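Here is a short briefing on one protein chain. The sequence and structure come first, then the points by topic.

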Amino acid sequence: MSENFYDVLGVSRDASEEEIKKAYRKKAAEHHPDVSDDDDAEERFKKIQKAKEVLTDEEKRRQYDQLGHDRFTEADKRGATGGGGPGGAGGPFGGAGGAGGFEDIFNQFFGGGGGRGGRDNRPRQGRDLRTGLTIDLEEAFEGATKEVTLTRPTTCDTCDGAGHPPDADVQTCPQCNGRGQVQQVQQTPLGRVQQTSTCPRCEGEGELYSEDCPDCGGDGVVREEATLSVEIPAGIRSGQSLRMEREGAPGENGGPNGDLLIEVDVDVGDRYERDGDDLRVKEAVSFPQAVFGDTIEVETVDGTVEMDVPAGTQSGETFRLQGKGMPRLRRRGRGDLYVQVGVVIPDSLNEKQREALEAFAEAGGEDIDVGGGFFERLKGSF
């Protein structure tokens, strides 16, 4: 025996329309192909949609209860191929029912939605949300787990997203007669065109309720403050975003939630400049170190390393420390660290230093007054 539509939704045969819709939302969220890993998720989801379509339509449900599942589905297939049955008689363009066929296609081109004027109850994924997160350079280097707090919409627990209390009185929308859509006739160069749009009174639901949910005001969603843990990968750069799936706004008609996009800003600080995966830093050396050469210590993001300063190094000269920059995001290896050397000129000299520099100048054939602007010219030379 085939699984009947009541079993598909997990409701009794005397379930109300609201109970059926609630069960549909729950089942659809559970078996949607985007969220379920089951191999038969897509087929299961189609059955859930079909069950809801039949059991929330008064005439189709009556015929379904009279004919039984097997005979109803057989008759429904015949109706879809031009025969009689629950779908109605076939039209000249293959559509079921007197208002199908060419009108369906025409409506789709000129503002119609959902085909045959019916409500669009297809599950729709919620919209993506965005927020920002600032981390420091060390966290970007090592990778980290951070918390981000945001205010976001979520399904109202009080009404389970329905927008109204379970015991609220329901009536068919008088403006659209339960269709969820209204039609307008417009005169165009092609003639009179019937345009279909969402009913503004019931917002496409086809039904009106005597009262709204006191917590969400009828929207079916409320705003909540959520704190989420975010895994920051090593090597991330400013402006790059992390995606947290299904942490966005709630879906509609049982559809999955959207995603949360977190844009990361890396605070490099005052010591370094960052260029992609490379870092740049400035290091000071003394005049003798620049002249005679030396080995200096350079602080990197992950520790101190030694760097050779060759004899005769000029102020502003840059040296490359390979593999001492930032990790490459989700790849092996690291960028480089570029060290720019600046020669520090002393502001004052003792007697021995003065004599040594005078001897240095004389040995080079220069007649220089060490006390008269010598250091200014020396600074300029470096």
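In which sense do E1 and strand E9 pair, and over how many bridges? The model is predicted. In it, E1 and strand E9 (residues 260–267) pair in the parallel sense, over eight bridges. The points below place this pairing in its sheet, then turn to the whole chain and to Arg223.

**The sheet**
- Three strands make up an open sheet, ordered E1-E9-E8.
- Its pairing is mixed.
- Strand E1 (129–136) and strand E8 (241–244) are the edge strands, each pairing on one side only.
- From one strand to the next, the twist averages 30°.
- Leu261 in E9 is the bridge partner of Arg130.
- In general, strands of a sheet pair through backbone hydrogen bonds, either parallel or antiparallel.

**The whole chain**
- Ten helices and 15 strands occur in the protein chain.
- Of its 382 residues, 36% are buried.
- Among contacts with a separation of 6 or more, 62% join residues 24 or more positions apart.
- The chain exposes about 22400 Å², and carbon and sulfur atoms supply 43% of that area.

**Arg223**
- Arg223 sits in strand E7 (residues 221–232).
- Its relative accessibility is 60%, so Arg223 counts as exposed; the cut-off is over 50%.
- Leaving out residues up to four places away in sequence, Arg223 touches Thr151, Arg152 and Pro153.
- Pro153 is 70 residues from Arg223 in sequence, yet their C-alpha atoms are 4.3 Å apart.
- A polar atom of the Arg223 side chain lies 3.4 Å from the backbone oxygen of Thr151.

Conventions:
Residues numbered from 1 in each chain as written. Predicted model: local features only at pLDDT ≥ 70, side-chain atom pairs only at ≥ 80, totals over all residues. Heavy atoms only, no water. Pairing = 2+ DSSP bridges. Helix = DSSP H or I, 4+ residues; strand = E, 2+ residues; numbered from the N terminus. Axes fitted to C-alpha atoms, helices over the stretch in contact; angles between N-to-C directions. Buried < 20%, exposed > 50% of the residue type's maximum accessible area, 1.4 Å probe, protein only. Contact = heavy atoms within 4.5 Å. Areas by Shrake-Rupley, 256 points an atom, 1.4 Å probe, with all protein chains shown as cover. Polar contact = N/O pair within 3.5 Å; in protein donor to acceptor, adjacent residues only side chain to side chain.
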